[in-house]
Amino acid sequence: NMNGPKHKLCTKLSSTYLRKWWIIIAIGALLLIGGIFVACEFSLLINAVIDRMIALRPGAKTFGWWAKPPVEPRISLYIYNVTNADDFLSNGSKAIVDEVGPYVYSETWEKVNIVENDNGTLSYNLRKIYKFREDLSAGPEDDVVIVPNIPMLSATSQSKHAARFLRLAMASIMDILKIKPFVQVSVGQLLWGYEDPLLKLAKDVVPKEQKLPYEEFGLLYGKNGTSSDRITVYTGVDNVNQYGIIDKFNGRTHLPHWTTDDCNRLDGTDGSIFPPHITKDRVLYVYDKDLCRLLPLVFEKEVMTSNEVPGYRFTPPEWVFADVDSHPDNMCYCPAGKPSCSPNGLFNVSLCQYDSPIMLSFPHFYLADDSLRTQVEGISPPEKERHQFFFDVQPKMGTTLRVRGRVQINLAVSQVFDIKQVANFPDIIFPILWFEEGIDMLPDEVTDLMRFAEHVPPKIRIVLIVALCAVGVCLLLLSTFCLIRNSHRQSTLHLEGSNYLATAQVDMNKKQNKDNNPSTS
């Protein structure tokens with residue numbers, strides 16, 4: 001029946017008077033759905049905004065910070081000055097060293113010759129300028145130190161397995177040139193270079209293809225200026241997971257030194273930026289040419305910078321320089337099989353240092369066997385606070401907040417009896433110096449942006465969720481209440497109207513009957 005109760009109700013609820021409440025119910029429901037959507041998806045939206053903001057696009061603010069970092073890194077060097085060189089050589093006494101320093105240099109970094117490539121990468125050269133800071137140092141650059149003669153001891157150690165006549169010839173040459181196993185040089189010379197008679201000679205007699213690139217020797221020789229190394233990194237525009245990661249180093253995607261592709265990988269960052277949204281279980285990778293390998297970093301703890309930016313501390317795992325017995329995966333760093341493996345806590349970088357037997361460790365042999373530290377006298381036991389290598393990173397944006405790159409340079413000397421000048425120099429890992437390269441804090445302009453990214457979006461999310469849900473629920477309740485009330489009122493009016501019509505009909509019928517039967521009265 002078309003005039004049934006259902007039809008009447010539909011007519012009531014779709015009346016113009018009530019239609020507006022249906023619109024309000026729809027708006028309330030949409031606001032409620034919006035609140036639920038914000039609760040679930042807002043973080044993804046913010047992450048997308050961050051990804052777009054940090055990607056290396058020429059002209060963008062973050063690109064400017066990447067190309068010319070608004071920071072002043074410093075390198076502090078501590079040199080192991082040998083105080084009993086004669087006694088050590090003639091009487092077989094234990095070497096005694098006195099740690100002198102720090103000698104501090106401020107650095108300016110700039111990426112130059114930047115070129116955009118088609119595959120979402122940028123190529124550049126790095127310019128590093130070092131400036132001595134006597135005000136922060138223990139003494140001037142011309143402080144004199146006595147250290148092992150690295151060019152000489154490298155040559156004699158390398159000759160250990162050569163023909164005997166070559167070693168005897170080497171001894172004669174060293175006699176003529178008056179070359180001794182220890183040199184007295186200034187701090188500035190040790191770092192930036194001094195003319196070495198052996199290198200000068202080698203430059204004249206060694207075949208051209210084996211030539212060393214310089215005739216001066218210094219531990220930082222050639223590093224003050226623009227590097228010839230061409231580095232290509234991903235911009236993160238196409239894929240933020242590759243942001244800052246090295247694609248090629250001097251045209252290579254892998255190093256040529258080690259025994260497996262995995263250990264020859266270069267796909268880390270330079271340490272200034274990392275792909276964003278860092279979780280505690282992620283392993284970060286840093287590549288530095290002087291480390292001769294990719295350095296893994298694992299989460300250690302949460303930290304807070306001095307200007308209230310939260311960060312994660314990442315540090316090399318304890319097994320990074322472990323011997324192969326305790327960590328078999330490090331076997332790939334032994335190019336000539338197990339005999340060429342480094343002792344526990346050391347890393348052999350000779351393949352990156354013209355075969356000079358340089359071994360890296362952490363300062364004071366931190367995380368290494370203590371027997372290495374006690375081979376010489378005068379090195380205090382390592383302390384985590386002073387000697388640990390770490391990066392503090394802002395996890396949302398992947399930007400480095402604070403760095404302490406701490407490394408010790410050691411020389412692995414082999415005893416060679418046929419060369420009289422070094423016949424008494426025993427097999428020893430001789431410490432030369434350690435350094436700490438670091439950034440203490442970023443400028444306010446950068447940290448303000450990080451604080452904003454860290455603190456503001458969660459607050460906006462909560463405000464939006466509360467506001468949308470509260471308004472949505474209020475509208476729903478209000479409109480439902482009004483709908484029911486108005487629907488009830490219309491029912492009442494309808495009933496009253498029906499009674500009125502019925503009464504009127506009865507009166508009309510009575511009147512008609514009266515008119516039709518006048519005679520009966």
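Biologist: Where in this predicted model is N330 found?
Modeller: N330 is found in the loop that runs between β13 (310-315) and β14 (347-348).

Biologist: Why is N330 called buried?
Modeller: The relative accessible area of N330 is 6%. Buried means under 20%, and therefore N330 is classed as buried.

Biologist: Why does L177 count as partly exposed?
Modeller: L177 has 34% relative accessibility. Buried requires under 20% and exposed over 50%, so L177 counts as partly exposed. L177 lies in the loop between α6 (164-176) and β5 (182-186). Together with I173 and I176, L177 makes a nonpolar surface patch of about 270 Å².

Biologist: How do you know that helix α5 is mostly covered?
Modeller: Eight of the nine residues in α5 (residues 150-158) are buried. These are I150, P151, M152, L153, S154, A155, T156 and S157.

Biologist: Which residues have the most contacts inside the largest nonpolar core?
Modeller: They are W66, I79, L297, F425, F430 and L433, in a core of 115 residues. Strand β18 (residues 428-439) gives the most to this core, with eight residues. Leaving out residues up to four places away in sequence, W66 touches L56, K111, I114, L122, Y124, V233 and I273.

How values were computed:
Residues numbered from 1 in each chain as written. Predicted model: local features only at pLDDT ≥ 70, side-chain atom pairs only at ≥ 80, totals over all residues. Heavy atoms only, no water. Helix = DSSP H or I, 4+ residues; strand = E, 2+ residues; numbered from the N terminus. Buried < 20%, exposed > 50% of the residue type's maximum accessible area, 1.4 Å probe, protein only. Patch = residues over 30% accessible without salt bridge, like charges linked within 9 Å, V, L, I, M, F, W, Y side chains within 5 Å. Areas by Shrake-Rupley, 256 points an atom, 1.4 Å probe, with all protein chains shown as cover. Salt bridge = Lys/Arg side-chain N within 4 Å of Asp/Glu carboxyl O. Core = buried A, V, L, I, M, F, W, Y, C linked by side-chain atoms within 4.5 Å. Contact = heavy atoms within 4.5 Å.
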